[in-house]
Amino acid sequence: MKHIKSLMLATAIASAALTMAGSAQAQDKEQYIALPSYRVGPYAAGGSGFYGGIIDYFNLVNQAGGVNGVKISWEECETEYNPSRGVECYERLKTKQGGATLVETLSTGVAYGILDRVAQDKIPMTMIGYGRSDAANGKVFPYVYPLISSYWSQAAGMIKYLGDKDGGMDKLKGKKIVHLYHDSAFGKEPLPVLEALSKQYGFELVKIPVAPPGSEQQSQWLQIRQAKPDHVILWGWGVMNSVAIKTAQRNGFPRDKMLGVWWAGSEEDTIPSGEAAKGYTAMTFNTPGNYPVLDDIRKKLYASGKGNLSDQSRIGSVYHMRGVTAGILWVEAIRAAQEKFGKGKPITGEQMRWGLENLNVDDARQKAVGALGMFPTVKTSCDDHEGSGAVKVQQWDGKKWTAITPKWIVGDKALVRKLVEESSGKYADEKKITPACMK
């Protein structure tokens, strides 16, 4: 009897060990990504669309077997776009599932809050179309990636577009441009570029802050009426955008003289604005339209109830497409890192950093993943953690966004690079960092 009990115990232990080994092996074959996200509060539309797009792309990749057999896993933590809560979420998520190998906060405030931590933790952070612009210098910020286009590149692209629209950059002299901005790190980020270009081309830059969340703007638009600007740059986010568009209409300011930052250029900004939004223009790093990858998401995920968004009409919307774009770039970074460090094996945060620094998502690669032309080609290096700097302008026709600049626009790249070098150099001095490329 004692022998039988011992045998049963040994069998149970062996079985448990096999189960644990199988579980560990399954976990070992997963690539964990931390998503401190937000799906509630005044910025919920942006967060839910963006993270919904990311997760839809992850599920599409996992359904096809992962990246060379490695499935992607993730965990979300609700930040409500609050910087202190975002830092807490990062700390909570970074050690889960054996350790995060990538983090994306979709918040300039949160990104600034964890900027120093990610290098210490060896967890790369992407800031796709937002965040600290001088992080484009990988010699100073090896673990930070303002991919596609930073706020500085976007601001330079905006002024290039406005100059071309007015008949040439020299025509900006004597003009008046209002920068109506979300009074936060996000809203202040483009100021170095706008101020430098104001001096260079001789236009007057009028800076008007809006206290978050931006649901009251009467006094700001009174200032705009009095200033009589030639153009208004709307650097808004969340509810601030539709309030600005509707208040502009009430004050008789033409919407086609407004140019929004790309976080003020979504369906969630224009549809609530109704007729007031018709003719309104905004920046974008995606070309509006439909793509094979979006059709795959509809057919392979949503048709079987596996999509992340509750409202299927948002598939392919501005925020959702940005999330899909983020997912594509990350998966391509994982693929690149696997080619170097071991195909079919999960990579570490340090290896992910290498993959992000050696991205080459050209036309051929975009076509292969069903996203040709959806975003500019991206090629990163130690010197350039942005990888592009190209932008487009889109216009709302009352029902949908249409790109009104067929080709990608690149602003004053030399000026942006000069500012990147100066600002990152100061940061390196303050933090006693010796700028260098990592292997």
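**Salt bridges between separate parts of the chain**

Arg 39 is partly exposed, with a relative accessible area of 27% (buried means under 20%, exposed over 50%, partly exposed in between, with a 1.4 Å probe and protein chains only). The model is predicted, so local features need pLDDT of at least 70 and side-chain atom pairs count only at pLDDT 80 or more, while totals for chains, interfaces and linings use all residues. Residues are numbered from 1 along each chain as its sequence is written, and side-chain values use heavy atoms, with hydrogens and water left out.

A salt bridge (a side-chain nitrogen of Lys or Arg within 4 Å of a carboxyl oxygen of Asp or Glu) joins Arg 39 to Glu 76, with an N to O distance of 2.9 Å. Glu 76 belongs to strand E2 (residues 71-78), whereas Arg 39 is in the loop between strand E1 (30-37) and helix H2 (44-63), 37 residues apart. Helices (H or I, at least four residues) and strands (E, at least two) are DSSP runs numbered from the N terminus. Glu 76 is partly exposed at 30%. By the salt-bridge rule, the count is 23.

Asp 121 and Lys 94 form another salt bridge, at 3.0 Å from N to O. Asp 121 lies in helix H4 (residues 108-121) and Lys 94 in the loop between helix H3 (83-93) and strand E3 (103-104), so the pair ties together parts 27 residues apart in sequence. Lys 94 is buried, at 17%, whereas Asp 121 is partly exposed, at 27%. Both residues belong to a network of salt bridges that also links Glu 91 and Arg 117.

Asp 116 pairs with Lys 431 in a salt bridge whose closest N and O atoms are 3.0 Å apart. Asp 116 is in helix H4 and Lys 431 in helix H15 (residues 413-431), so this pair connects parts 315 residues apart in sequence. Asp 116 is partly exposed, at 31%, and Lys 431 is partly exposed, at 40%.
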